[in-house]
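The sequence and structure follow.

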Amino acid sequence: MKEDPGYYDYWPYENRPKIVWPNGAKVAFWVAPNIEFYELNPPNNPFRKPWPRPNPSLPGYTSRDWGNRVGHIRQMDLLEKYGIRGSISLSAALCDHHPEIIERCKERDWEFFSHGIYNTRYTYGMTEAQEREMIKDSIETIFKHTGQKCGGYLAPALSHSEYTLDLFAEVGTELFGDEAGFYSCDLFHDDQPTPIHLRSGKRFASIPYSLEMNDTIAYLVQKITPRRYGKELKDNFDRLYEEGKESGTIMCIPTHNYQVTNAHRIKAYEEALEYITGHTDVWVTTGKEIAQYFLDNYYDIALVDIKTKNKKYGNA
Amino acid sequence: MGTLSDDYLNYPERSYGMDHERYKWTMLQNRKEVQWPKGKKIALWINVGLQFFPLNQKGVPFKVPGGMTKPYPDLRHFSLRDYGNRVGIFRLLNAFDHYNITPTFAMNTRLAERLPYLTGKIKERGNEIMCHGYDMDKLHFGGQNEQEETDLVKRSLDKLRALTGQDIAGWISPAKNESENTPDILAAHGISYFCDWVNDDMPYDFKTKNGTLTAMPLSTELEDRFIILNNYHSAEDWADQVDDAFEFLLKESELLGGRILSLNIHPWVLGQPHRIQYLERILDRLSSHHEVWSSSASEIEKAWKMQQ
């Protein structure tokens, strides 16, 4: 075990090279609906229990199922209304279980990125070969069902190994070269994209995905009210928009159809989307487009600046 | 680490539809549109949990939410729950009558046995009673012995039917928890609808070995206990969330047909003096709205079924 994952260098949030998003935008705004499948009878994992009660653990299972049966279309209609294409964090098995959802997302040119196979199968305890196989399965499944070359990864249920990002990048290269496996949503250390060190040396970025704005964290962990959540989304945006004048920032709302589209919560979410997309100089986009834009335009400049800043007061 | 067998990457249920055979995979937006009686858009289902939390809770296989949490004897939680059946319920009943609301009562059979006055009162009102299991500590759970569970269901239903004189067609398991067999056992004992699977906003058909049950959508997320005691929101916040839900469902019903606003509430939560006014606020608004049909769970189920 390591003291630090070693994926990124310290990069102070002052005097960074100025990022300007397309058309002079100050904030790159993206919404990442997690479209997940949780199993009724998942196998046990020695490091994490899939359900808190003996199977069938109905409260957890039925709530997730509700998200696919009821919530998905509500969220889809809402994003469409505000001109937002979702960037889907996808349990790849959902392509097999619920192809109707995949079709609808495809029709709207939404992005699909990998979130493992099921959200009840964790990376913990896997060998490197097993994790590689699981990641490969997910990228191949996404390609087979959507024709998309998967750009990004968010580990299933945020369960990681020391090699997760390396493996994702390598499998992407093996299948599609530089067109797949080039960004991660697994790190929460910044409000701007950052270059990631990988053992392969591949050009790879971390794209801010914001656990703080994640509806499940807000509702299940912080247990805030829907109206408070709507306010926090607006507050988060206001500050990032202000700071985006200096150098372009990223705002992400990660959502779950089983949380944010509940009848008592969707209004607050809609008000925030209306507010954010009502501003000028906001690039409403997808995770993959942000990552690509950063890699093409700012990745090299960032590397130089990181090196310079870390030398300023002497080497560690 | 590397401690998992390769079986961990086998997915035997990875195919079209659900990962079990209990119901069909469909999306709400693709269903047949439903109309409630008199052309109303929103069926209002006020469901009142009348519960008994035993002091000598065993907590097998888990402690029920709302149950005892302290070392025995946990007088604090026992008496706070009991408050609802002595005091809070009468505030609720007055509010229902004042606003002309039709509630449905989900009753633990043990409570009906222990409190003949309350049972008689509910019976006299003529409101529908459904069975909420034997008591809040007699859980239905995965791995439970089938005969033991069958006996528990039979005892709960037989006794509640005898005490109330009602058929008892509806069921909610304590903590909405089930074993693999619960739906089969319920269907074999005269239950026609149940409320444990909170995976939809409308009723749907649920297969059992003994015929089809209707799964009725009783929201947990909008429940008073969940919002006030699990999420620590105020009663006023609960009422705001009900307002927002109502407005959204009303809008959705204009496009996709009738919807159900289900409010699962408890006299030990909303029946407190500082909270009851927020229930009244909600009932005032809903009862005076021209699109609201206040009805019992089984009436809503029937109206839905007739249109399938």
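## Basis of the report

The model is predicted; local features need pLDDT of at least 70 and side-chain atom pairs count only at pLDDT 80 or more, whereas totals for chains, interfaces and linings use all residues. Residues are numbered from 1 along each chain as its sequence is written, and chains are lettered from A and ligands numbered from 1 in the order in which they are written.

## Strand E8 of chain A

Strands (E, at least two residues) and helices (H or I, at least four residues) are DSSP runs, numbered from the N terminus. Strand E1 (residues 27-35) of chain A pairs with E8(A) in the parallel sense over eight bridges; pairing requires that DSSP finds at least two bridges between two strands.

Eight of the eight residues of E8(A) (residues 249-256) are buried, so the strand is largely enclosed by the rest of the structure. A residue is buried if 20 or more other C-beta atoms lie within 10 Å of its own, exposed if 12 or fewer, and partly exposed in between, with C-beta atoms placed from the backbone. One side of E8(A) carries Thr249(A), Met251(A), Ile253(A) and Thr255(A), and the other Ile250(A), Cys252(A), Pro254(A) and His256(A).

## Strands E2 and E3 of chain B

In chain B, strand E2 (residues 103-107) runs parallel to E3(B), joined by four bridges. Ala106(B) stands opposite Met130(B) in E3(B). Both faces of E3(B) (residues 128-131) are covered: Glu128(B) and Met130(B) are buried on one side, Ile129(B) and Cys131(B) on the other.

Pro103(B) belongs to E2 of chain B and is buried, with 23 other C-beta atoms within 10 Å. Not counting residues up to four places away in sequence, Pro103(B) touches Ile46(B), Val48(B), Phe96(B) and Asn127(B); contact means that the C-beta atoms, placed from the backbone, lie within 7 Å. Ser294(B) is 191 residues from Pro103(B) in sequence, with a C-alpha to C-alpha separation of 8.0 Å.

## Helix packing

In chain A, the axes of helix H4 (residues 128-146) and helix H5 (residues 164-176) come within 9 Å and cross at roughly 50 degrees. Axes are lines fitted to C-alpha atoms, for helices over the stretch in contact, and angles run from 0 to 180 degrees between N-to-C directions. H4(A) and H5(A) are therefore oblique to each other; angles under 35 degrees count as roughly parallel, over 145 as roughly antiparallel, 65 to 115 as roughly perpendicular and the rest as oblique. By class, the contact of H4(A) with H5(A) has six nonpolar, two polar and five charged residues. Here Ala, Val, Leu, Ile, Met, Phe, Trp, Tyr, Cys and Pro count as nonpolar, Asp, Glu, Lys and Arg as charged, and the others, Gly among them, as polar.

In chain B, helix H7 (residues 235-256) and helix H9 (residues 276-287) pack at about 20 degrees, with axes 8 Å apart, and are therefore roughly parallel to each other. H7(B) contributes Ala235(B), Glu236(B), Trp238(B), Ala239(B), Val242(B) and Phe246(B) to the contact, and H9(B) contributes Tyr278(B), Arg281(B), Ile282(B) and Leu286(B). These comprise eight nonpolar, no polar and two charged residues.

Definitions and conventions: Contact = placed C-beta atoms within 7 Å.
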